[in-house]
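Me: I am new to this structure and would like to go through it step by step. Could we begin with a single residue and then widen the view?

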Amino acid sequence: MMRSKGKITAWNDDRGFGFLIPNTGGKQVFIHIKAFNHRNRRPEIGQIVTYTLSTDKQGRPCATQAILAGDRGQIGKRSRSGVFSILFAVVFLAVVGLSAATARTPLPIFALYLAVSIFTFILYALDKSAAKSGAWRTEERTLHLLSLAGGWPGALIAQQRLRHKSSKQSFQFTFWLTVLLNCALFMWIHTSTGSVVLKSFINRVI
């Protein structure tokens, strides 16, 4: 099918849809976030899009198989980055699990990482579903707090597998800050001082 080109003139990022005007002129075309084959970036007003023109159930013009200008060259790079991110999360959980198995890390710490990561992954999935349907969204602050509490491996896997929150730069900056802080805390609890504090805390809780 013939490809068309147009410019995004309206975009609601929370609800995941907007409108574009074809370069050749004519009626505005509806475009949904699901129309983008490769979501390397979040769509923004003023961006150029190539797409296949189609119609929805009501016969209105809509875009399918859409690609933001400049995204083609980023597909392979994004794919490699996604694989590395997932591998990083899995390896970290494996290291924590091995450390717990050899009694170097308290077992409750590994259980915490695993449980919070699973919960965080589920929350990301629910938030993406809410974004598509226009339902109530999970606050970004909540997602960051879960990452800081040890759920960042699950968050990292969710970002890559679900293609959610992986392109928003402000979110990614804060997210990786929580990863660094959590990793620093993990290393600290293996110091002499940190180990004493952690054991005292675990004894009080249990």
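Me: Where is Gln65 placed?
Reply: Gln65 sits in strand β5, residues 61–68. Helices (H or I, at least four residues) and strands (E, at least two) are DSSP runs, numbered from the N terminus.

Me: Before we continue, what kind of model is this?
Reply: This is a predicted model, in which local features need pLDDT of at least 70 and side-chain atom pairs count only at pLDDT 80 or more, while totals for chains, interfaces and linings use all residues. Residues are numbered from 1 along each chain as its sequence is written, and side-chain values use heavy atoms, with hydrogens and water left out.

Me: Back to Gln65, then. What is its phi?
Reply: The phi of Gln65 is near 50 degrees, a positive value in a residue other than glycine. Gln65 is partly exposed, at a relative accessible area of 44%. Buried means under 20% relative accessible area, exposed over 50%, and partly exposed in between (1.4 Å probe, protein chains only).

Me: And what about the phi of Arg163?
Reply: Arg163 is not a glycine either, and its phi is positive, about 55 degrees. Arg163 belongs to the loop between α3 (140–161) and α4. With a relative accessible area of 33%, Arg163 is partly exposed.

Me: Let us move to helix α4. Is Thr178 buried or exposed?
Reply: Thr178 is buried, with a relative accessible area of 7%. The residue is part of helix α4, which covers residues 169–188. Leaving aside residues up to four places away in sequence, Thr178 touches His144, Ser147 and Leu148, where contact means heavy atoms within 4.5 Å.

Me: Which residues does Asn182 touch?
Reply: Asn182 is also found in helix α4. Not counting residues up to four places away in sequence, Asn182 touches Tyr113, Ser147, Leu148, Ala149, Gly150 and Trp152. Its relative accessible area is 3%, so Asn182 counts as buried.

Me: How many disulfides are there?
Reply: The count is zero disulfides, a disulfide being a pair of cysteine sulfur atoms within 2.5 Å. As for individual cysteines, Cys62 is buried at 10% relative accessible area, and Cys183 is buried at 18%.

Me: Now the wider view. How many helices and strands does the protein have?
Reply: The protein has five helices and five strands. Along the sequence they follow the pattern β-β-β-β-β-α-α-α-α-α. The radius of gyration is 21 Å, well over the 17 Å that the globule rule gives for 206 residues, so the protein is more spread out than a compact globule. That radius is taken over C-alpha atoms, and the globule rule is 2.2 Å times the number of residues to the power 0.38.

Me: What does the C-alpha trace span along its principal axes?
Reply: The span is about 70 × 35 × 25 Å. Of the 206 residues, 38% count as buried. Among contacts between residues at least 6 apart in sequence, 60% join residues at least 24 apart.

Me: One last topic: how many positive and negative side chains are there?
Reply: There are 26 positive and 8 negative side chains, and the centres of the two sets lie 8 Å apart. Lys and Arg count as positive and Asp and Glu as negative, while His and the chain ends are not counted. The place of a charge is taken as NZ of Lys, CZ of Arg, CG of Asp or CD of Glu.
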